[in-house]
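Below is a short report on a two-chain model.

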There are 2 protein chains.
Amino acid sequence: MSAIPKDLKLRTAELKEESTRPFPGSRKVYVTGSREDIRVPMRAVSQHETPALFGVESNPDIYIYDTSGPYTDPEAEIDLTRGLPALRAAWIAERGDTEELSGPTSEYGRKRLEDERLDGLRFDNRRKPLRAKPGHNVSQMHYAKKGIITPEMEFVAIRENMKRAELADSNLGHQHPGQSFGAAIPAEITPEFVRDEVARGRAIIPNNINHPESEPMAIGRNFLVKINANMGTSAVTSSIAEEVEKMVWSARWGGDTIMDLSTGKNIHETREWIIRNSPVPVGTVPIYQALEKVNGEAEALTWEIFRDTLIEQAEQGVDYFTIHAGVRLPYVPMTAKRRTGIVSRGGSIMAKWCLAHHRESFLYEHFEEICEIMKAYDVAFSLGDGLRPGSIEDANDEAQFAELETLGELTQIAWERDCQVMIEGPGHVPMQLIKENMDKQLEHCGEAPFYTLGPLTTDIAPGYDHITSGIGAAMIGWYGTAMLCYVTPKEHLGLPNREDVREGIITYRIAAHAADLAKGHPGAQIRDNALSKARFEFRWEDQFNLGLDPEKAREYHDETLPKDSAKVAHFCSMCGPKFCSMRISQEVREYADEKGLNDAEQALEEGMKEKAEEFRETGGDLYRKA
Amino acid sequence: MSAIPKDLKLRTAELKEESTRPFPGSRKVYVTGSREDIRVPMRAVSQHETPALFGVESNPDIYIYDTSGPYTDPEAEIDLTRGLPALRAAWIAERGDTEELSGPTSEYGRKRLEDERLDGLRFDNRRKPLRAKPGHNVSQMHYAKKGIITPEMEFVAIRENMKRAELADSNLGHQHPGQSFGAAIPAEITPEFVRDEVARGRAIIPNNINHPESEPMAIGRNFLVKINANMGTSAVTSSIAEEVEKMVWSARWGGDTIMDLSTGKNIHETREWIIRNSPVPVGTVPIYQALEKVNGEAEALTWEIFRDTLIEQAEQGVDYFTIHAGVRLPYVPMTAKRRTGIVSRGGSIMAKWCLAHHRESFLYEHFEEICEIMKAYDVAFSLGDGLRPGSIEDANDEAQFAELETLGELTQIAWERDCQVMIEGPGHVPMQLIKENMDKQLEHCGEAPFYTLGPLTTDIAPGYDHITSGIGAAMIGWYGTAMLCYVTPKEHLGLPNREDVREGIITYRIAAHAADLAKGHPGAQIRDNALSKARFEFRWEDQFNLGLDPEKAREYHDETLPKDSAKVAHFCSMCGPKFCSMRISQEVREYADEKGLNDAEQALEEGMKEKAEEFRETGGDLYRKA
C-alpha cells in the first residue's frame with residue numbers, strides 16, 4: 001500500500017451486492033423506545049404456513065439480533081464517502097458535558113491532516129472531534145453510577161430482549177433450564193437492569209462519543225454472548241477498500257464488534273473510513289500503531305508516543321483499546337521456559353521494551369493517566385492478555401495467571417475512575433483447564449466482562465483452528481465469558497479472505513448461541529425451536545432462512561436436489577422419497593392423537609388389544625401441491 | 001443406479017491419486033509384535049532440525065495412529081478387484097473353531113449369487129464364508145473371558161501405544177493432568193489390559209471373521225477416542241465406484257470405522273466391494289436392507305426377512321450391526337408430543353412396524369436369537385438409539401431415556417452370550433444436558449462403550465452442523481464416549497461430497513483428540529507439543545506435516561505467501577517480516593538464559609539494576625539461509 005491509487009475513493013465507495021443484499025425471507029424492523037430517536041434494529045424472519053399434512057397453522061415471525069446496520073435496510077441510502085448517520089449525536093449533545101474541538105489534538109492526527117499527499121486517501125466528511133469538558137467524565141459507567149439511564153442503555157435493553165415476550169407463551173417458548181454458573185440473567189432485560197450492570201462493572205457499552213454512528217450493544221455475562229471479528233491490513237497484503245468491505249461483511253454475518261489490527265502505512269486514514277461507516281463498535285490495539293511510529297523498534301517506544309496515539313485514535317472514535325498493561329517486567333522471564341514463549345504481539349512488544357530498558361512497563365506506570373484519556377472520550381479498556389498461552393503446553397501457567405491478577409488490580413483502578421473495562425483471555429487451553437480460566441477471572445477481576453480468543457482446545461489442526469477454538473469458545477461462553485474473539489481457518493497460516501471471515505464468524509455465532517442455550521438465556525431456544533419445527537414440517541425455505549447462513553444452507557441443499565420442487569418435497573435428500581423418518585413420525589403423532597394416547601402404559605394396553613388395518617392405509621401424497 | 005455400466009469394474013479399480021498419495025514428510029512403518037505376522041501400521045512424521053536461531057537440535061519422529069491401511073504404503077500393491085490381503089486369516093484359522101461354508105447360507109445371498117444379470121457388478125475374488133463350528137463362539141469377548149489374548153488384542157495394544165514410550169522422557173512428553181471422570185487409562189496399554197477391557201465389556205474389537213482384511217482396533221473409554229464416518233448410496237444419487245473411493249478417502253483422513261448406510265438396489269454387491277477393500281471395520285444398519293426387500297413397506301417386515309439379512313451381511317464380513325431393539329411399542333407414543341418426533345430412520349421403521357401390528361418389536365422379542373447369529377461370526381452389537389432427539393427441544397426426554405434403559409437390559413443379555421456391545425447415543429443436545437447422557441449411559445449400560453452422533457449443541461446452523469456437533473462431540477468424548485459418529489456440513493441438507501467427508505472427518509478427529517487431551521490420555525499431548533515447537537521455531541513444513549490435514553495447511557499458507565522462501569522465513573503472514581512475536585519470545589528466552597533468570601523476584605532485581613545496551617543490538621537475519 002505504498003502508492004495511493006487515484007481511484008481509491010471511488011473504489012471504496014462501492015460495496016459488493018453480496019455484502020448488502022437483504023437476507024431471504026427477512027425484513028429489517030425497528031423497535032421504537034421511549035423516544036422517537038431510539039430505533040432499535042432487528043431482523044424479522046417471516047415463516048410459511050404449516051402444510052396440510054401436519055395440520056395447517058400460521059407460524060410467527062422470529063426476531064433475530066441484527067448486527068448488520070443500515071447495510072441490509074433497503075430504505076437506507078448508503079454512501080461510504082459520507083459515512084453512516086450519527087444516530088447517537090443528539091444523545092451525546094443533550095448531556096451537555098462535551099465540547100467540540102477545533103481539530104485533532106494529537107500531534108500525529110494534526111500531522112496527517114496537514115499532509116497533502118494523503119488527500120487522495122482521506123475520508124472527507126469528517127466531524128470535529130468531541131471531548132469531555134474539563135472535569136467531566138462521559139463514560140456510560142459514570143452515568144450509570146450516578147443512576148442515569150442513558151438512551152444507549154435503553155437501546156441495549158430493547159435489543160437484548162429481541163421481542164421474545166411475544167413468543168414466551170407460544171409453543172416456541174419452551175426451553176430447557178440452563179446451568180449458568182452464577183450468572184444472573186433476568187427474564188426481561190430492563191433499561192434499569194442495563195444501568196445496574198454497567199454501574200457495577202459487570203457489563204460495558206463500548207460507545208466512544210466520537211463514534212456516534214454505532215448502534216449501542218452491551219458486553220457482559222448477563223447479556224447475550226457476543227463475538228468479535230478481527231481484521232486489518234498487514235505489511236504484506238490488503239488495502240483500505242478491502243478493509244471497509246470486510247467490516248460490512250463481518251457485520252452482515254453477525255460480528256458484534258470488530259477489531260482493526262492494521263499495521264501498514266496508512267492506518268490512520270484506513271481507520272477513519274472504517275469507523276465512519278461502522279455500525280458496530282471498533283476496537284484497536286494502539287501499541288501496534290505506536291510501534292509503526294518508531295519504525296518497528298519496540299525499545300524506541302515512549303509513553304509520550306503512546307499517549308499521543310491514544311488521543312489520536314480516541315478522537316477518531318475507537319470504542320475500545322486493548323492495552324497490555326499487565327505485562328510487567330517481573331513476569332517476562334516466567335515465559336522463558338514456555339513451549340511457545342509470548343505469542344501476543346502486544347505482549348511481546350512490551351516484553352521487549354521492558355527487557356531493553358530494564359524497567360517496569362510504561363503502560364503499567366502510567367495507567368492512571370491512561371484512565372484520564374479513556375474517560376474523556378468513553379473509550380473502554382480491553383485489558384490485554386499479553387502473556388496468554390500460545391500452545392496447549394503453556395496453558396494456565398504462572399506467567400498467564402500472574403498477569404491476570406495484575407489485570408484485576410488495574411480493573412479496580414479503572415473502576416475508581418468510572419472507566420469501562422473488559423479483560424482479555426486465552427488462547428490455547430485443553431478442555432479440562434478451561435473452567436479454571438473463567439473461575440480465576442471472576443475471582444480476580446470482580447466480574448468485569450471476560451473476552452477470550454477461542455480458546456483452541458488442541459494445537460494439531462492448522463487450517464481448522466476455527467473449529468479447535470470454536471469448541472473452547474462455546475465452553476468458556478457457557479462458563480461466563482461475555483465476548484468471544486473469532487478465529488478463522490487461516491489462523492497461524494495466513495490472512496483470512498472473505499470466505500474465511502464468514503466461516504469464522506458463523507463458527508463463533510454457533511459457539512455464542514450454544515453458550516446462551518447452555519446458560520439458559522431466556523428466549524435463546526426460540527430460534528432453535530422454530531427452525532426445528534420448520535425442518536420437521538418440510539418447510540425448507542423457512543429452515544434455511546432461520547439459520548445462521550441461509551445462503552449456504554440453500555446452496556448445499558441445491559447441490560443434491562437442485563429443482564425448486566424439492567423445496568416443497570416432503571422428504572429430504574438423506575433418505576429419498578420412498579422412506580422418510582419425518583413422515584413416519586407424523587404418522588406416529590396422528591395415531592397417538594387419534595387414540596388419545598398420552599403415556600406408555602396406555603399405549604401398551606391399547607396397542608396389544610386392537611388391530612388398526614386402516615393405519616396402514618394412511619399417508620398422503622409425497623409431494624405437496626406447490 | 002438402475003442400469004449396471006459395463007465398465008464398472010474397471011472404473012471401480014481406479015482410485016484417485018489424491019486418495020492414496022503418501023502424506024508429506026511421512027513414511028509408513030510397521031511395528032512387529034510377538035509374532036512376525038503381527039505388523040501394526042503407524043505413520044512416522046519426520047522433522048527437520050531446529051534452526052540455528054533457536055539453537056540447533058534434532059527433532060524426533062512423531063508416530064501417528066494410522067487408519068489409512070495399505071493405501072498410503074508405497075510398497076503395497078493395490079488392486080481393488082482382488083481386495084486387500086487377509087491379514088487376520090491365519091489367526092482365525094489357528095483357533096480351529098470355524099468352518100468354511102460352501103457358499104452363502106442366507107437365502108438372499110444365494111439368490112444374488114445366482115443372478116447372472118449381476119455378473120457385471122459382482123466382486124469376483126470372493127472367499128467362502130466362515131462360521132463358528134456348532135457349539136462355538138468366535139467373539140473376541142468370548143476369548144477374552146476365557147483368558148485368551150488373541151493376536152487382535154496384541155495388535156490393538158501396540159497400535160494404541162503409538163510408540164509413545166520413546167518420547168515419554170523427552171521434553172515433548174510433558175502433559176497436563178487430565179480429568180477423566182472415572183475412566184481408568186493405564187500409562188501403557190498391554191495386551192493383557194486389552195483382554196481385560198474386552199472381557200468386562202468396556203471395550204470392543206469389531207472384527208468379523210469374514211472381514212480378515214481389517215486392521216484390529218478397539219472402541220472403549222480407556223482407549224483413544226475413535227470416530228466413525230457414514231457413507232452410502234441413496235435412492236437419489238451415488239454409485240459403487242464412488243462408495244469404494246469414499247471408504248478409502250475416509251480411512252485416509254482418519255475415519256476409524258465406516259458405516260455403510262446404502263439404501264439403493266445393489267447394496268449387497270456394493271457392500272462386498274467395500275468390505276473386501278476396507279482396512280477399517282465396517283458397520284451397517286441391517287434394517288435398511290431388510291426394508292428394501294419388502295419394497296419399503298415397514299409393516300411388511302418380518303423376523304424371517306430380518307434374520308436372513310443378518311446372516312447375509314454377517315457372511316460378507318460386516319463388523320458391527322446397528323440394531324434398534326430398544327424401540328419398544330410402549331415408548332412410541334412418548335414421541336408424539338416431540339418437536340421433531342422420531343428422526344432415526346431405523347427407529348421410525350420399527351415404530352411404524354410396532355404401530356401397524358400393535359405388537360412388541362420383533363427385534364426385542366428375538367434378541368436372544370440375534371445374539372446367536374452375532375457370536376457365530378463375531379459381529380458386534382451397536383444398539384441403536386432409535387428414539388434419539390432430533391432437536392434441542394427433544395433432548396433428554398422420557399422416550400430417549402426409556403430406550404436407554406432397555407439398551408442396558410439388552411447389553412446384559414448379549415454379554416451373557418459373550419457378544420460384544422456398544423451403545424448408540426444422541427443426537428441434538430444443548431451443552432448443559434450433555435453430561436447427563438453420559439452419566440445415564442454409564443449407569444444403565446455397565447460401561448459398554450458409548451457411540452454418539454455429535455451431539456449437535458444448537459439447531460440454528462444448517463450448513464455448519466459439523467461444527468455445532470463437533471462442540472458436543474468433544475465434550476461427550478471428554479466425559480467418556482468411546483466413538484464419535486461424524487456429521488458433515490451437509491447434514492439435514494444433502495449428501496456429502498468428498499470435501500464434505502474430509503471436513504467432517506477432520507472436525508471429528510479434532511473433537512476426539514481434544515477429548516483425549518482433556519481425559520489426560522497418556523502421550524496424547526506429544527503431537528501438540530511437537531507441532532507447537534515446530535511452529536515456534538518457524539519449521540513451517542513440520543508444522544504442516546504434523547497437522548491433521550497437511551495438504552490444507554500448506555494450501556492456506558501458500559495463498560498468502562506462495563513463495564517457497566516463505567517456508568523458511570522467520571516470520572508468518574500475520575505480522576509480516578518487520579515485527580514478529582515469536583522472534584521476540586526467542587529474545588526473551590536468550591536473555592533469561594544469559595542472565596540465569598528463573599523467577600520473578602530475581603528478574604525484577606536484575607532488571608532494575610543494570611543496563612544492557614547490547615540487548616538492543618542482538619537479533620540475527622530475518623531470513624535463514626535456505
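## Terms and basis

Helices (H or I, at least four residues) and strands (E, at least two) are DSSP runs, numbered from the N terminus. The model is predicted: local features need pLDDT of at least 70, side-chain atom pairs count only at pLDDT 80 or more, and totals for chains, interfaces and linings use all residues. Residues are numbered from 1 along each chain as its sequence is written, chains are lettered from A and ligands numbered from 1 in the order in which they are written, and side-chain values use heavy atoms, with hydrogens and water left out.

## A salt bridge within one helix

Helix H14 of chain A spans residues 367-377 and holds both Glu372(A) and Lys375(A). The two are 3 residues apart, about one turn of the helix. They form a salt bridge, with the closest N and O atoms 3.2 Å apart. A salt bridge here is a side-chain nitrogen of Lys or Arg within 4 Å of a carboxyl oxygen of Asp or Glu. Side chains of opposite charge can pair when their charged atoms come close.

Glu372(A) is partly exposed, at a relative accessible area of 39%. Lys375(A) is buried, at 18%. The classes are set by relative accessible area: buried is under 20%, exposed over 50%, partly exposed in between (1.4 Å probe, protein chains only).

Over all chains, a search of the whole structure finds 103 salt bridges. Which parts does the bridge between Glu551(B) and Arg21(B) tie together? The closest N and O atoms of this pair are 3.1 Å apart. Glu551(B) lies in helix H21 (residues 550-560) of chain B and Arg21(B) in the loop between helix H2 (17-20) and E1 of chain B, so the pair ties together parts 530 residues apart in sequence. Glu551(B) counts as buried, at 16% relative accessibility. Arg21(B) is partly exposed, at 29%.

Asp256(B) and Arg509(B) also meet through their side chains in a salt bridge (3.0 Å, N to O). Asp256(B) sits in the loop between helix H8 (240-253) and strand E9 (257-260) of chain B, and Arg509(B) in helix H18 (residues 498-519) of chain B, so this pair ties together parts 253 residues apart in sequence. Asp256(B) is buried, with a relative accessible area of 3%. Arg509(B) is buried too, at 16%. In chain A, a network of salt bridges links Glu57(A), Lys533(A), Glu537(A), Arg539(A) and Asp542(A).

Chain B has an open sheet of 3 strands, in the order E1-E2-E3, with antiparallel pairing. Two strands pair if DSSP finds at least two bridges between them. The edge strands are E1 (26-32) and E3 (62-65) of chain B, each pairing on one side only. From one strand to the next, the twist averages 45°. Axes are lines fitted to C-alpha atoms, for helices over the stretch in contact, and angles run from 0 to 180 degrees between N-to-C directions. Helix H6 (residues 151-161) of chain B packs on the sheet. H6 touches E1, E2 and E3 of chain B, and its direction makes about 10° with that of E2(B).

E1(B) and E2(B), residues 39-45, pair over 7 bridges. Val29(B) has Met42(B) as its bridge partner in E2(B). E2(B) and E3(B) pair over 4 bridges. There, Arg43(B) has Ile64(B) as its partner in E3(B). Ile62(B) and Ile64(B) point one way from E3(B), Tyr63(B) and Tyr65(B) the other way, and all are buried.

## Trp91(B)

Trp91(B) lies in helix H3 (residues 89-94) of chain B. Buried or exposed? Trp91(B) is buried, with a relative accessible area of 1%. Leaving aside neighbours within four places in sequence, its contacts are Arg35(B), Asp37(B), Ile38(B), Pro151(B), Glu152(B), Phe155(B) and Pro216(B). Contact means heavy atoms within 4.5 Å.

## Two copies and their interface

A rotation of 180° with 0.0 Å of shift along its axis superposes chain B on chain A (RMSD 0.0 Å). The two copies are thus related as by a two-fold rotation axis. Copies are superposed by least squares on the C-alpha atoms of residues with pLDDT of at least 70 in both. Ile471(B) comes closest to the axis of the residues of chain B, at 2.3 Å (C-alpha).

In the interface, 136 residues of chain B are in contact with 136 residues of chain A. The area buried between the chains is about 11,600 Å², of which carbon and sulfur atoms give 66%. Buried area is the accessible area (1.4 Å probe) that two parts lose on being put together, summed over both. The rule finds 2 salt bridges across the interface of chain B and chain A. Glu559(A) and Lys490(B) meet in a salt bridge through their side chains (2.7 Å, N to O).
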